[in-house]
Structure formats: C-alpha cells, structure tokens
Amino acid sequence: MAFFTRSFLALSLLACAATGQLSASFYDDTCPSLQSIVRSAMSQAVSSKRRTGASILRLFFHDCFVNGCDASILLVGGERNAPPNKDSVRGFEVIAAIKSQVEAACRATVSCADILALAAQDAVALLGGPSWQVLLGRRDARTANETATRDLPSPFVDLSNLTSSFDHKGLSAQDMTALSGAHTIGIARCTSFRDRIYHDANIDPDFAALLRQSCPPKGGDDNPAPLDLQTPDLFNNKYYENLLSGRGLLHSDQELFHGGSQDELVSCYVRNETLFYEHFAAAMVKMGNISPLTGSSGEVRLNCSEDAAGWHSPTLLSLLSRAHEDDGDRHGRISFQC
Ligand code: HEM
C-alpha cells in the first residue's frame, strides 16, 4: 500500500514537473463534479459492453498521436475517416453522451480533449488496470488533420520503425513497450493481422491455425479476434505472456519480443505486473501531455463532433513545443530494475 502511495505521489510530482501547463486541479472550482460524472458514465458504458473501455483507450491514443491531445479525432471529417481510423476507431457516441452530461452540469467549461483523457483513465481502471492522476486544462482544436494520421504507427512495421514513431512524439522505447500493453484488451479485425497469421515465422503454429479459421486468406476483413486471447476484457500483463509464446496478434506486437532491445523489458513485465502498471501509468501521463492546446489557444467545443465557431484560424494551430525530457532510455537503453 505504502509502495502504491509512494509511486502515485512520485508519478504526480513527475507529471507536474513535466508539464507546467496542465494540472490535476484545473476544474476544481469551475466543474467540481467533472470526475464523478465521467466515472459514472464510463462505469455504465463498460458494464453494458466491456469492449467500450478498449475503444475509448484507443481513441485517446489516436487523438494524442495526431497533432496532440486536442480532440481533433472527434470532429466529423477527414481525420476520423483516414485509413488508420476508418471502420476501426469507436466510442464517439460514449464521449458525446458524457459531454452532454458535463455540459448540463458545467456549461461551456470542460474541453472534449479533457473528457477523453479522463474517460481513458477510467476505462483502464474499470477493467482492472492501474489508476493515475489525469492532468487537465487541454483545449479543443478547431480543425481535424487528416494527413497527420500518418504519424500513427502501422501494425505491419518492425521494431525500429515503431520506436521512431514514439520517439517522434517524445516517448521512449520503454513508454512504447508499456503503452503497447493496452493490447491486453480489445479487438482487432482480420485485415490487421492476416499477413501475420499466414506469413510470419515467429508465430505459435496452433495460435495461427486457430485464427485462420475465422480470418481467411481473402475476404472476412472485418472478422474480429481478441488482442489478448487469454483475458480479452481484463487489463493485466497477459499480453506480455502471449508475446513470450509467439502469441502476439499483430506483427507489431510480436516485434516487441523478437530478439531485440525490448525482449528484456517484456520478460520483466511478465514477472512483475506492478512495474508494468507503474510504467503504463507514467507513459499515459506523458502521452496525454503531447502538444496540448492551453490558455486561449483552440476552444472549448460544446459538441465534441463540431467546431463551435464554424471557422478555422491557422494561428490557433500553433502548437506548443513538446517537452523533450532527457529519458535515459529514449533509444531503447534499459533503465529499469525488474
Ligand atoms: C505500438 C504501436 C501500435 C500499433 C501498431 C497499434 C495498432 C492497432 C491495431 C491495428 C488495432 C486493431 C484495429 C482494427 O483492426 O480495427 C489496435 C487496437 C487497439 N489498440 Fe493499438 N496499436 C498500437 C499502440 C497502441 C497504444 C499505445 C494504445 C493505447 C495506449 C493502443 C490501444 C489499442 C486498443 C485498446 C485496441 C482495441 C480497440 C477496440 O477494441 O476497439 N494501441 N491497435
């Protein structure tokens, strides 16, 4: 218990030091009921459909990696329909429902970007994973950005490619490996793992045979499979256990344990779930701090899928420079004790 309190405290301090912009108490005076509104709405959503937790967590990731955590992904238009998102990201209606409850309690005060950040934390905690203090004060972008979706990592690339796409966002190799543990929950479509189950050599043959039953060489693109076959609806460290036995669903998952720089960390997370939780929570705080719009930049949208003013000012897109901390392990060097 003391360990958790200490880690939580250390994490909060680290987070405050890292940002200087966002703060956990941002809405304490203006919307004190915010966190309980989001928590109770997420609790209902997740208990009626467990996958919703996974979908919201991914929505947050896909928001943050495209021009920062500014709720641009929620806007109707190109970004939502770009290849990494189309027919694949979900949970828009859940965020819309939470937003209307928040608006009823605190009119025109809380950004969609902050609601998404809080909902992602609740999703993880509700499915059995760690909790962390969410930093708040982000504002919403006025425009979506379709071309910047190319910053999202593809499931077909190798470790060095994955590492550089996280590095590009100021996230270390350790952050990347911990954040990928999000694939302990949720579902992927056949089109995302077909190449792996028919062509990869580093896959457990029984696992591949099982998946081929529902993911044929042609057709069935949308047929689903759990990212973690063992406990698809629970946030735990089974994802890493799967990697040790060649049961990573995506090619990119298995790249984390394939004779490369992250093998040791993956094995460590199998032995030490607490360390995984600690690293995951810290990395979520860091990811949530990618280029936030703060102060008078952007806006507080009233409807998360529509820009309130209906006009776009390019100057508002001048994003704050990201904080590049001096992580010992930015390039995969090991800086943890298992
Ligand atoms: C390391 C690079 C990553 C790649 C290449 C990747 C790729 C993917 C792909 C291809 C899917 C399945 C999409 C589909 O078939 O429709 C998926 C699902 C998912 N991803 Fe990732 N992802 C990565 C990192 C992350 C991170 C950092 C998070 C969150 C912190 C995350 C959370 C999720 C979740 C929860 C799902 C399941 C969503 C659902 O069931 O609706 N992923 N990811």
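The model is predicted: local features need pLDDT of at least 70, side-chain atom pairs count only at pLDDT 80 or more, and totals for chains, interfaces and linings use all residues. Residues are numbered from 1 along each chain as its sequence is written.

The chain has 14 helices and two strands; these are DSSP runs numbered from the N terminus, helices being H or I with at least four residues and strands E with at least two. Of its 338 residues, 44% are buried. A residue is buried if 20 or more other C-beta atoms lie within 10 Å of its own, exposed if 12 or fewer, and partly exposed in between, with C-beta atoms placed from the backbone.

I turn to the ligand. Around it are 26 residues, of which S88, A182, G186, A188 and S192 come nearest; the criterion for being near is a C-beta atom, placed from the backbone, within 6 Å. Two or more residues of this shell come from each of α3 (51-64), α8 (173-180) and β1 (187-189), and α3 gives the most, with six. At least three shell residues are drawn from each of domain 1 (21-152 + 289-308) and domain 2 (159-270), with bounds from an automatic or database domain assignment.

Next, H183. An unreviewed UniProt entry lists H183 under "binding site"; such positions are given in the numbering used here, feature names are shortened, and annotations may be inferred rather than shown by experiment. H183 sits in the loop between α8 and β1. Why does H183 count as buried? Because 23 other C-beta atoms lie within 10 Å. Not counting residues up to four places away in sequence, H183 touches L227, D228, Y239 and D253.

Finally, helix α13, residues 263-271, has L265, V266, C268 and Y269 as its buried residues. Seen down the axis of α13, they fall within an arc of 160°, so they line one face of the helix; the arc is that of the directions from the helix axis to the C-beta atoms. They pack against α8, α11 (238-244) and α14 (273-287).

In α14 we find L275, which is partly exposed because it has 18 C-beta neighbours inside 10 Å. Leaving aside neighbours within four places in sequence, L275 is in contact with C268, Y269, F336 and C338. L275 and F336 are 61 residues apart in sequence, yet 9.1 Å apart in space, C-alpha to C-alpha.

Definitions and conventions: Contact = placed C-beta atoms within 7 Å.
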